Amino acid sequence: MKRAYLLQHLHVLPHCDDVKVIGIYSSKEAARVAVERLRNQSGFRDFPRIVNADTDEQPDGFYIDEYVVDQDHWQEGYETL
């Protein structure tokens with residue numbers, strides 16, 4: 001089972017969430033190395049940490065999410081409010 005790691009950065013603004021997709025990496029370590037390259041750049045330096053979505057109360061920062069390749073990760077429809 002092949003896995004990929006999606007790296008994103010979130011900055012919560014008053015009117016919306018500003019999400020930037022940074023890249024997709026072959027390992028979690030490669031995604032962490034990318035964070036090290038970016039964390040001191042403009043905008044990213046304001047929220048330079050990797051967020052643990054399960055425990056962190058502050059949502060701003062980098063997210064590394066693991067996905068199984070060639071598998072549907074959204075399996076239901078949706079409704080627009």
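Pro 59 is partly exposed, because its relative accessible area is 29%, and the scale behind that word calls a residue buried under 20% relative accessible area, exposed over 50% and partly exposed in between, with a 1.4 Å probe and protein chains only. This proline lies in the loop between H1 and E3, where helices (H or I, at least four residues) and strands (E, at least two) are DSSP runs numbered from the N terminus. Not counting residues up to four places away in sequence, Pro 59 touches Leu 10, Val 12, Arg 49 and Val 51, contact being taken as heavy atoms within 4.5 Å. The C-alpha atoms of Pro 59 and His 9 are separated by 9.8 Å, although the two residues are 50 residues apart along the chain.

The model is a predicted one, in which local features need pLDDT of at least 70 and side-chain atom pairs count only at pLDDT 80 or more, while totals for chains, interfaces and linings use all residues. Residues are numbered from 1 along each chain as its sequence is written, and side-chain values use heavy atoms, with hydrogens and water left out.

Among contacts between residues at least 6 apart in sequence, 41% join residues at least 24 apart.

The three strands form an open sheet in the order E2-E1-E3, with antiparallel pairing, where two strands are said to pair if DSSP finds at least two bridges between them. E2 and E3 are the edge strands, each pairing on one side only. Neighbouring strands of this sheet are turned by 25° against each other on average, direction ignored; the axes are lines fitted to C-alpha atoms, for helices over the stretch in contact, and angles run from 0 to 180 degrees between N-to-C directions. E1 and E2 are joined by a hairpin through four residues and pair in the antiparallel sense over eight bridges. Along this pairing, Leu 6 has Ile 24 in E2 as its bridge partner, and His 11 has Asp 18 in E2.

Within E1, which spans residues 3–12, lies Gln 8, a residue that counts as buried because its relative accessibility is 17%. Leaving aside neighbours within four places in sequence, Gln 8 is in contact with Val 19, Lys 20, Val 21, Ile 22, Gly 61, Phe 62, Tyr 63 and Asp 65.

The helix H1 covers residues 28–38, and in it Ala 31, Ala 34, Val 35 and Leu 38 are buried. They lie on the same side of H1 because they cover an arc of only 105° around the axis, the arc being that of the directions from the helix axis to the C-beta atoms. An α-helix has 3.6 residues a turn, so residues three or four places apart point the same way. On the other side of H1, Glu 29 and Arg 37 are exposed, whereas the buried residues of H1 pack against E1, strand E2 (17–25) and strand E3 (61–68).

The largest nonpolar core has 10 residues in all, namely Tyr 5, Leu 7, Tyr 25, Ala 31, Ala 34, Val 35, Leu 38, Phe 44, Phe 62 and Ile 64; such a core is a set of buried Ala, Val, Leu, Ile, Met, Phe, Trp, Tyr and Cys residues joined through side-chain atoms within 4.5 Å. E1, H1 and E3 are the elements that give two or more residues to this core, and H1 gives the most, with four residues. Val 35 touches Leu 7, Pro 48, Ile 50 and Phe 62, not counting residues up to four places away in sequence.

In the segment after E3 is Asp 70, which counts as exposed because its relative accessible area is 80%. The phi of Asp 70 is near 65°, a positive value in a residue other than glycine. Most residues other than glycine have a negative phi.
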